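Here are my notes for anyone opening this one for the first time. Have a look around, then read the points below alongside the view.

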Amino acid sequence: MRQALIRPELGGIVGTVAVFTLFALFAFDSGMFNSQGVMNWTIVSAQFMIIAVGACLLMISGEFDLSVGSMIGFAGMMIAVFGVVLAWPMWIAIIITFVICCALGALNGFIVVRTGLPSFIVTLAFLFILRGFTIYIPQTIERKTIIGGIRDAAEGDWLAPVFGGKIGQPLFQWLGDAGIIGVFERGSRAGQPVVDGIPMLIIWALVLIVFGHILLTRTRFGNWIFASGGDAEAARNSGVPVNKVKILMFTFTAFCATVFAVCQVMEFGSAGADRGLLKEFEAIIAVVIGGALLTGGYGSVIGAALGALIFGVVQQGLFFAGVESSLFRVFLGVILLFAVILNTYIRRIITGER
Amino acid sequence: MADPIIQMKDIEKHFGSVIALAGVSVDVFAGECHCLLGDNGAGKSTFIKTMSGVHKPTHGEIIFEGRPLDFADPRDAIAAGIATVHQHLAMIPLMSVSRNFFMGNEPLKKVAGISFFDHDYANRVTMEEMRKMGINLRGPDQAVGTLSGGERQTVAIARAVHFGAKVLILDEPTSALGVRQTSNVLATIDKVRKQGIAVVFITHNVRHAMAVGDRFTVLNRGKTLGTAERGDITPEELQDMMAGGQEMATLEGSLGGTV
Amino acid sequence: MTSLMNKLVLATAIVAAPFMTAQTAAAEGEKYILVSHAPDSDTWWNTIKNGIALAGEQVGADVEYRNPPTGDIADMARIIDQAAASGPDGIITTLADFDVLKGPIQNAVDQGIDVIIMNTGTPEQAREVGALMYVGQPEYDAGFAAGLRAKGEGVTNFLCVNHAIQQPTVGERCRGYADGLGIDLGDAMMDSGTDPSEIKNKVLAYLSANPDVDGILTLGPVSADPTIAALQENGMAGDIHFGTFDLGEEIVKGIKAGTINWGIDQQPFLQAYMPVVILANWDRYGVLPGNNINSGPGFVTKDGLTKVEEFAGEYR
């Protein structure tokens, strides 16, 4: 019993239960748990999850990426530049953006591995470099910092709906008709359900979580991720290709950031220079709430996903509960502190670390 | 007696102008425990790093199973069957015993064409091997961090043996351990030796060496002072040789023969 | 395990406390939510908060202020979604990025929530998303008016200090100003960032590199305050033509001291106060003004500064 309970995700599970209990008590009839409210915090949590999965695996392999937020802004801007300004087909724009961003992630990793500098510093440099380009590029070619029209440019494209589409519309229409979820009362969409499908963003989050979890716990590579972060020297002595693992994890983190960005620009139709600000910290916070060790070698993707869920639910839920928005940070700090203390306690039981 | 499994002939190793090894010759037979003694800075570490392929000798020859060897890197040495258990272990405390045991050599099974880590096999083998060494784990997923120092050494030794080590180099395995844990590790060394594996046991503790050693080689300032058979030499003589004779004798008087 | 339980109980108590107070604070009356695009660090929005609070108090409605902490417009879209999900009587929001916010606002409108666009955005965009009306100061027009006035006052070469380069609508002020002056914007718009000492040094550097600049336009207190400090440092205060958008304590002092020729007041108080009053009357009596409300531009010069001075940063 005790054995089954004591696992890296325990802190995340306890936190999730506590958070939902709290909001069920204090915000139950505020709209937080109607279809629209649920969709609202689910989407926000799913966003956090997408970047948290990448940050989690990278942190377990012993590194940080502070350039995630800038990468989100940069990737969105690349889509806009290729797809709208240069008017390339959207699927080409998306694929090229993924290639560029993953290459930048790999470059991050390569520099960290080669120079032996802390990833904190290297990726901090990229935080500025990428943000700078994200402002400079559209300023130079379009004289503005937000490029719109992405939705129109993506019209009829085959790849764009994979990021910006929704699935399950018939189900939700049926739910709306049956009166289970609310419908629009007026306007062009009168009669349509207020929630008309599951955004691909959520599907991506689930797919990445399942992929990350299996990769980490069920494959040889997962063992290498743990080993690289636990003790890089010991791992090398045992024949683990530590450098390769780290570079790949940086690449994967960049991939996750790009998924985030593409979903965002496809949904909103524009790319802005300020997108993704501070997202790197939100990802790291979610991962730490989820029980990962900041110094690497320990953690869980499921835990990180729960951390993202807690983050999203608290951020959105405080509003529903009618709490002054500036208190959000206070709550976040309290939760972070509480989670870290609990997680440290659990980890010590598991690993015998003192 | 059969030919030695590994022969180190007149090995010299220079780092720039520093001479770490100035002509050391040692041979090790299968199934023996060869103790390599020496004080700090005597060249023990350099010597085993040369043996395990980390350093290339500046001069001299290594003959392994009758053939001259030229390792490009430590992985070659491991592949050939020369395994090193480092002072700093190569164990990751945060990871489970079975994950550690198979680190870098993970067993795979295919499901739907994708290779997965075969946890069932890994757990079974880990439990089995650890039982053989006399350690009862709570479970294969117990973290290495919860094991005692002696148990960790035993896991590392068991791992090397499982993956086909013919020569097992143990770098100061007992230096940081308590009395009981030390005797456990020494018992493990004895078990390994009886399986026909050549053990090179590096230590600066004469009593530990005397407990399991078959032959003893003393290194001092990059040179060997010869190899002695068990029974041909007393612990006091070994101690003197390590310290370089003179000074130690005077010191020992004042310490009442307790060192 | 007991210490763990204790921690849990304690944490629950701490976390729960603000909920209790928040719940009791929610009384009867309509619920209106104002959503802005401004990051927490933007102090200008304090006037807006005071404006809705005063209006809410006067008409007896519950008002709330929401903003994305970092100023990320995508986050703002989520906040509008969220506001709509909580079922308020009305939403007052800025339209900082039409593409991003159009969807969420239309959804709220279709859901039966009354929406008024304030501050950023244009009357046309407000109509397109189905909002009741627009209350604010059309940015380009305000910039253009400022440019015309500055031209009359002899400006030939200018620097526009933009502290909010991410928001294209704010940049429109610079563009309007340039067009009003009848000169090309070129690279006269500076991306200053929001850090005061950085802004100050950038302005100093620009002015020493471009000695022919005889006019400065700042886009709000964030860029104006450090610019005042810069001009005092290099001795150009009072000499160079200096116009700014918005008011604040330092700006008012600057106008008084003659460092600043004029401030363009878009009267943010009205942008917050009017929508609440209008929504309340619309909900209660079904009356609605027939037109958009232009809260600005109004040029504030040395004359008649008393009221402005008294309420700067609070209601002005």
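**Notes on chains A, B and C**

1. Start where two chains meet: 21 residues of chain B are in contact with 21 residues of chain A (contact means C-beta atoms, placed from the backbone, within 7 Å). Helix H2 (74-80) and strand S8 (114-117) of chain B each supply at least two residues of the side that touches chain A, and S8(B) gives the most, with three residues. By class, that side of chain B holds 13 nonpolar, five polar and three charged residues. Here Ala, Val, Leu, Ile, Met, Phe, Trp, Tyr, Cys and Pro count as nonpolar, Asp, Glu, Lys and Arg as charged, and the others, Gly among them, as polar.

2. A word on what you're looking at: this is a predicted model, where local features need pLDDT of at least 70 and side-chain atom pairs count only at pLDDT 80 or more, while totals for chains, interfaces and linings use all residues. Residues are numbered from 1 along each chain as its sequence is written, and chains are lettered from A and ligands numbered from 1 in the order in which they are written. Helices (H or I, at least four residues) and strands (E, at least two) are DSSP runs, numbered from the N terminus.

3. Next, find the open six-stranded sheet in chain B, ordered S6-S9-S10-S3-S11-S12 with mixed pairing (two strands pair if DSSP finds at least two bridges between them). Strands S6 (82-85) and S12 (223-229) of chain B are at the edges with a single partner strand each, so one side of each has no neighbour in the sheet. On average, neighbouring strands are turned by 20° against each other, direction ignored.

4. Which strand does S3 of chain B pair with in the parallel sense over five bridges? S3(B), residues 33-38, pairs that way with S10(B), residues 198-203. Within this pair, Leu36(B) sits opposite Ile202(B).

5. Helices cover parts of that sheet. H5(B), residues 149-162, packs on the sheet and touches S6(B) and S9(B) (167-171), its direction making about 170° with that of S6(B). H8(B), residues 235-243, lies across S3, S11 (215-220) and S12 of chain B, at about 25° to S11(B). Axes are lines fitted to C-alpha atoms, for helices over the stretch in contact, and angles run from 0 to 180 degrees between N-to-C directions.

6. On to chain C, with 12 helices and 12 strands. Its C-alpha atoms fill a box of roughly 70 × 60 × 40 Å along the principal axes. Buried residues make up 54% of its 316 residues (buried means 20 or more other C-beta atoms within 10 Å of a residue's own, with C-beta atoms placed from the backbone).

7. Chain C has an open sheet of six strands too, in the order S2-S1-S3-S4-S5-S11 with parallel pairing. S2(C) (62-66) and S11(C) (293-294) are the edge strands, each pairing on one side only. S5(C), residues 133-136, joins S11(C) in the parallel sense over two bridges, and Gly136(C) has Asn294(C) as its bridge partner.

8. Finally, look at H3(C) (residues 73-85) and H4(C) (residues 98-110): they pack at an angle of about 0°, with axes 9 Å apart. The two are therefore roughly parallel (a label for angles under 35 degrees). Residues that meet include Ile73(C), Met76(C) and Ile80(C) from H3(C), and Val100(C), Leu101(C) and Ile105(C) from H4(C). This contact has 11 nonpolar, one polar and one charged residues.

Methods
Buried ≥ 20, exposed ≤ 12 C-beta atoms within 10 Å, placed from the backbone. Parallel < 35°, antiparallel > 145°, perpendicular 65-115°, else oblique.
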